[in-house]
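Subject: Handing over the structure

Hi there,

Here is the structure I promised to pass on to you. Please have a look at it first, and then read on for what turned up.

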Amino acid sequence: MNEQILAAVSEYGAPALFGIVTIAAIGVPLPITLLLVVVGSMASQGAVNPWWAIGAAGAGSILGDQTGYAIGRWGGTAAVTRLSTLFGKHAGLEGMEAKAKAWGGPGIFVTRWPLSPLGPWINLASGTAGYPWPRFLFWDALGEMTGTVVYVCLGWFFSDRVMALDGALGDMTWAVAALLAAVILGYQLVAHIRRARAA
């Protein structure tokens, strides 16, 4: 599938990139991080226009995220359950809603790129939890454009080591997830100790 995706972007350029990234942002598991890094590498060789690539990928990911939010907001739990079944995953909606409420805007931001595998589910959960749409749009657009620029630029500057870079980015995602989990657990522990002392 990776070869087909890259072939489509090579042949059709920004419109194909826009469509692929939009579909992935809705929840279809596609290797978007690798794709953006490869697009950056292609841009460094003059095969694609980097500004068109950044614009198409950023706009596509924002559109897909907004679609996920809308499904959660107006489709409710039943729509989210059907969607997760369609993609062969269990959304764990209650847990994701709790995360969306606890993390707020910064949580939306970090699930756009360092923790992008959580992104589609945070979109749905933000919708079902009734997170305010203007704030969701702001944090979503900020995170998606930041991530797009970062990955395309990494591909541009490390065009001769794309696969090694992809592996390093995968490791970084797990490191960020572990750090975030440690921070959240530490915060909850401190809050629990304070409540116990106050009681």
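Below are some notes on the cores, the aromatic rings and one arginine.

This is a predicted model, in which local features need pLDDT of at least 70 and side-chain atom pairs count only at pLDDT 80 or more, while totals for chains, interfaces and linings use all residues. Residues are numbered from 1 along each chain as its sequence is written, and side-chain values use heavy atoms, with hydrogens and water left out.

Let's begin with the cores. A nonpolar core here is a set of buried Ala, Val, Leu, Ile, Met, Phe, Trp, Tyr and Cys residues joined through side-chain atoms within 4.5 Å. Buried means under 20% relative accessible area, exposed over 50%, and partly exposed in between (1.4 Å probe, protein chains only). The largest nonpolar core has 23 residues, and V9, L17, I20, I32, L35, L36 and V39 have the most contacts inside it. Two or more residues each come from helix 1 (2-12), helix 2 (14-26), helix 3 (32-44), helix 4 (50-86) and helix 7 (133-157); helices are DSSP runs (H or I, at least four residues), numbered from the N terminus. Helix 3 gives the largest share, 9 residues. Leaving out residues up to four places away in sequence, L35 touches I5, L6, V9, L17 and I20, where contact means heavy atoms within 4.5 Å. A second, separate core has 6 residues, including Y69, I108, Y131 and F136.

Next, the aromatic rings. Rings of Phe, Tyr and Trp (its six-membered ring) pair if their centres lie within 6.5 Å, with planes under 30 degrees apart counted as stacked, over 60 as edge-to-face and the rest as tilted. The whole structure holds 5 aromatic pairs. One of them is F109 with W139, edge-to-face at 6.5 Å centre to centre and 75° between the planes. Because F109 lies in helix 5 and W139 in helix 7, this pair ties together parts that are 30 residues apart in sequence. W139 is partly exposed, at 24% relative accessibility. W139 also pairs edge-to-face with F138, at 5.4 Å and 80°. One aromatic cluster takes in F109, W113, F138, W139 and Y151.

Finally, the arginine. R112 sits in the loop between helix 5 (93-110) and helix 6 (119-128). Its relative accessibility is 5%, so R112 counts as buried. Beyond its neighbours within four places in sequence, R112 contacts residues that include D65, F136, W139, D140 and E144.

Happy exploring!
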